[in-house]
Amino acid sequence: MRPSPAAAPVPQPTTAKKRAPALPVDFDALTEALRAAGHGPGEEAGLMSRFCRPVAVRVLSDHAQAVSVALTALGVRPGGYCVVSALACAQTLAGIDAAGLKPWLVDVDPFSWMFDPSHLRERLPEAPGPLEAILPAGAHGRAPDLRAWAAFRDETGLPILVEAVEAFDVIQSAPVPVIVGLPSGQGVFVACEDATPINAMDAPLFDGEAGLDLWPQRRPRLATAAQRLRVLLLDAPIGFQPGWGMSWVSETCAFSLPDDTAAGVLTKLGEAGVEAIGASFRTRDMDADETPVADRLAGSVVVIRIDPDLGLEALDDIAAVLRTAVAG
């Protein structure tokens, strides 16, 4: 006789405890809290790792917007003046205007194409009105001395925002807020060792491709293209910005031409299908100091963008167009 099968115990229904409804997560607040603690999302974490000291980083979509919101975060008062290079680009000037400030254009050094604290120290008493900020700008990829500007900020008490949009290759410290372009060509980031102005910036988060993974491959190709272009223009009356392609690289290439030929060369480059811009975007209504060096550079410098993937034949075409344009 077989034994009866064992009866499995039947589970008794239990009354489930009711859970309290989950509160909605404020992801924007969480992002800001992580950023304040030094943990940036996505591209920001990668950008932070490039710096030699801990920094806070904010990535934005637009250059002019970055200038405006960074100046505002530094506490500038609308109606005052912002010191800026007489060679400042259109986006810089637009950002100063959007922050409610007026630009005061000052001259630059003939070698670096930038103004420095020693020059500015002598000129500040001549400002046309109350100064609210100083905006030193890098020259087409060459970076200003950020430590010197940090010392000048401590000396004068004026907010300083450094613009080095084309100097991604060399910016590795941020004792003052600095604006740097992303290697993808889309967007910029603002970095500073003091997180206070970064966290105070009111702008949408960047939504795009930073290009950080591609930069290690693009950099040597840019350096190679720079050296090839130098060789192709070796005997032409055309100079290159000191250091470009050697101590630093940038997709922006500034050519020095014979005096007062920039306007004509720009026209001929455009007719040949080569996109180029001049070195100055100032207008007659802007307040300015005496700017003889910047005026000379505005009449003798043109700027083109170099694609790192250009081959020798394409670079030779650019060189040929430049030779023809300079020859008249």
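This is a predicted model: local features need pLDDT of at least 70, side-chain atom pairs count only at pLDDT 80 or more; totals for chains, interfaces and linings use all residues.
Residues are numbered from 1 along each chain as its sequence is written, and side-chain values use heavy atoms, with hydrogens and water left out.

Trainee: Which residues of helix H4 are buried?

Mentor: Helices (H or I, at least four residues) and strands (E, at least two) are DSSP runs, numbered from the N terminus. Buried means under 20% relative accessible area, exposed over 50%, partly exposed in between (1.4 Å probe, protein chains only). In H4, residues 90–98, the buried ones are Thr92, Leu93, Gly95 and Ile96.

Trainee: Which residues are exposed on the other side of H4?

Mentor: The buried residues fall within an arc of 160 degrees seen down the axis, so they line one face of H4. The arc is that of the directions from the helix axis to the C-beta atoms. On the other side, the exposed residues are Asp97 and Ala98.

Trainee: How many residues apart in sequence are the parts that Glu193 and Arg147 tie together?

Mentor: Glu193 and Arg147 form a salt bridge, meaning a side-chain nitrogen of Lys or Arg within 4 Å of a carboxyl oxygen of Asp or Glu. Glu193 sits in the loop between E7 and H7, and Arg147 in H6, so the separation is 46 residues.
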